[in-house]
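Please walk me through this structure, one region at a time.

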Amino acid sequence: MGDEVVAVDGEAPRDIIRWTWLTDEADPTLDIRRGGLDLALEVEKGAGEPLGIDVHSALFDQLRTCDNHCEFCFIYQLPPGLRKSLYLKDDDYRLSFLYGNFTTLTRFTEADLERVVTEGLSPLNVSIHATDAGVRNEMLRNRRGGPTLRWLRALLDHGVEVHGQIVCCPGLNDGAVLDDTLAGVLDRFPELASLCVVPLGISKYNTEARMRPTTVAEARAVVECVEGWQDVFRTVLGHRLVHAPDEYYLLAERPFPEPEAYEGFAMHEDGVGMARTFELEFTGRTEATTSPQAGFFAWADGAPAGARYEAAGDYAAPADGYRAVRASGGAGPSDATGGGVGVALRPRRSAPVGVLTGTAGAQVVGPLVAGLGRADVRVIPVANEFFGGTTSVTGLLVGEDVARTLAAEPVGHRYLLPDVCLSGDRFLDGTTVADLPRPVEIIPTDGAALRRALSES
């Protein structure tokens with residue numbers, strides 16, 4: 001206890017990525033600092049064998065923070081009093097690889113490109129917002145915003161898989177600007193694996209005058225623009241490339257596209273096709289989908305509890321939470337499996353069931369549950385008063401709002417809560433499952449898990 005690993009085979013690893021590469025080798029030598037003494041320990045193990053050391057942080061050196069000042073940044077819209085880690089505004093390509101965070105590339109360098117290519121750090125997620133240099137400068141409030149899209153071109157030139165995102169702000173980069181951006185993508189970045197156009201999110205703490213909620217008409221215009229460009233991309237590239245997330249279809253009061261329109265659900269983590277996926281899982285037409293992220297700010301507190309790298313063929317695969325890094329170069333498959341938190345003294349299985357979810361989630365889950373025709377099962381929407389504004393997704397629910405909602409519900413019922421709003425057993429506001437006024441059962445955030453839980457009633 002208390003030992004500090006200073007270096008592996010003479011190199012001080014900067015992050016979990018480099019740590020995995022170094023410790024994947026046979027018989028590594030660890031430089032250890034123990035009680036003021038420096039020791040060298042030779043570990044006997046085969047190449048690809050697990051070292052057996054838990055790592056509890058993704059980055060060992062300094063987090064690369066964001067030097068943009070985007071009006072739409074949700075970090076600026078957080079309430080005071082949260083954990084300090086949640087206010088860190090990152091623009092670190094390593095967190096893009098490890099957790100699926102989006103990077104603007106404004107702090108990307110030649111050295112970063114070399115590392116991404118040589119170590120096979122793929123896929124990466126890039127925030128584009130606009131392809132016009134002047135508009136992107138304005139969106140990021142950074143004069144390097146437009147020029148640094150050259151790094152996106154360089155990543156694609158080197159075969160790195162990149163998923164793009166456009167945060168669409170009414171009156172700024174929608175309408176004709178969005179059309180121009182999608183044309184720019186087709187012209188300059190057609191190799192993108194996928195592209196998502198997401199609506200601006202606003203909390204009640206927003207102080208930017210130009211940031212306002214998207215109207216129904218504006219949402220419909222974005223959906224129509226995206227669907228029109230899907231036809232263009234499919235004709236030219238052979239696939240739709242660009243998608244609008246479920247939230248836009250809810251805002252536009254439009255039905256979700258059919259499952260085949262999502263072309264494999266490449267942007268599932270970004271809210272594209274989540275509703276259709278959940279429906280397919282709930283009805284048993286597909287297996288449950290897992291994600292390397294466990295909700296918003298998943299990276300902020302470091303590695304998930306119990307994160308540990310284990311040998312898996314040619315991969316050093318994470319037991320939980322991180323994207324795998326392939327030992328021989330390239331990126332391995334994601335291997336994160338939600339997991340649940342048990343709560344003692346659960347109500348009897350024959351009790352009525354309440355399914356807790358955000359107000360947006362209720363629009364998806366509600367019709368599916370109603371289709372069961374069961375009077376003993378109900379969906380309970382939890383209004384997000386903590387963040388307020390347009391915040392309606394389940395992943396941003398906090399304990400304070402869940403507790404307020406549960407306090408008005410009957411004692412003795414079964415209450416199901418999706419794990420996407422928790423890190424371990426803790427909500428974003430720092431409260432825990434134990435603080436809730438009713439016992440709850442934590443279930444994975446997928447349709448199959450909900451179906452299984454309801455079948456037990």
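Thr-214 touches Pro-170, Pro-199, Ala-219, Tyr-248 and Leu-251, leaving out residues up to four places away in sequence. A contact, or touch, means heavy atoms within 4.5 Å. Thr-214 sits in the loop between β7 and α7. Its relative accessible area is 15%, so Thr-214 is buried. The cut-offs, for a 1.4 Å probe and protein chains only, are these: buried is under 20% relative accessible area, exposed is over 50%, and partly exposed lies in between.

The model is a predicted one: local features need pLDDT of at least 70, side-chain atom pairs count only at pLDDT 80 or more, and totals for chains, interfaces and linings use all residues. Residues are numbered from 1 along each chain as its sequence is written, and side-chain values use heavy atoms, with hydrogens and water left out.

Now the chain as a whole. The protein chain holds 12 helices and 16 strands. Both are DSSP runs numbered from the N terminus: helices are H or I with at least four residues, and strands are E with at least two. The chain has 457 residues, and 52% of them count as buried. Take the contacts in the protein chain with a separation of 6 or more: residues 24 or more positions apart account for 68% of them.

Next comes helix α6, residues 175-188. Does its length fit its residue count, or what span should 14 residues give? At 1.5 Å a residue, they should span 20 Å, and the end C-alpha atoms of α6 are 20 Å apart, which agrees. The expected span is 1.5 Å times one less than the number of residues. The buried residues of α6 are Leu-178, Thr-181, Leu-182, Gly-184 and Val-185. Seen down the axis of α6, they fall within an arc of 155°, so they line one face of the helix. That arc is taken from the directions from the helix axis to the C-beta atoms. The face turned away from the buried side of α6 carries the exposed residues Ala-176 and Asp-187. What do the buried residues of α6 pack against? Their partners are β6 (162-168), β7 (194-199), α7 (216-237) and β8 (242-243).

Helix α7 contains Glu-227. This residue is partly exposed, with a relative accessible area of 25%. Leaving aside neighbours within four places in sequence, Glu-227 is in contact with Tyr-249 and Arg-254. Glu-227 and His-243 are 16 residues apart along the chain, and their C-alpha atoms are separated by 7.6 Å.

Helix α5 (residues 150-157) is the place of Leu-152. Leu-152 is buried, with a relative accessible area of 0%. Not counting residues up to four places away in sequence, Leu-152 touches Leu-105, Val-126, Ile-128, Val-162, Phe-189 and Leu-192. Leu-152 and Val-162 are 10 residues apart in sequence and 8.2 Å apart in space, C-alpha to C-alpha.

Helix α11 (residues 399-407) also has buried residues: Gly-399, Asp-401, Val-402, Ala-403, Thr-405 and Leu-406. They pack against β13 (353-358), β14 (377-382) and β15 (414-418).

Now some backbone details. Most residues other than glycine have a negative phi, and most peptide bonds are trans. Ser-122 and Pro-123 are joined by a cis peptide bond, with omega about 10°. Pro-123 lies in the loop between α3 (110-118) and β5 (124-127). Arg-141 is not a glycine, and its phi is positive, near 50°. It is found in the loop between α4 (133-140) and α5. Glu-263 also has a positive phi near 50°. Its place is the loop between α8 (246-251) and α9 (274-282).

Last, the second largest pocket. It holds about 420 Å³ of space. A pocket is an open set of points on a 1 Å grid over the protein atoms alone, where a 1.4 Å probe fits, with protein on both sides within 12 Å along at least five of seven lines; lining residues have an atom within 4 Å of a point. Grid points are joined across faces, edges and corners, and the volume is the space filled by probe spheres set on the points. The lining has 16 residues, and Asp-3, Glu-4, Val-5, Trp-19 and Ile-53 lie nearest the centre. β1 gives the largest share of the lining, three residues.
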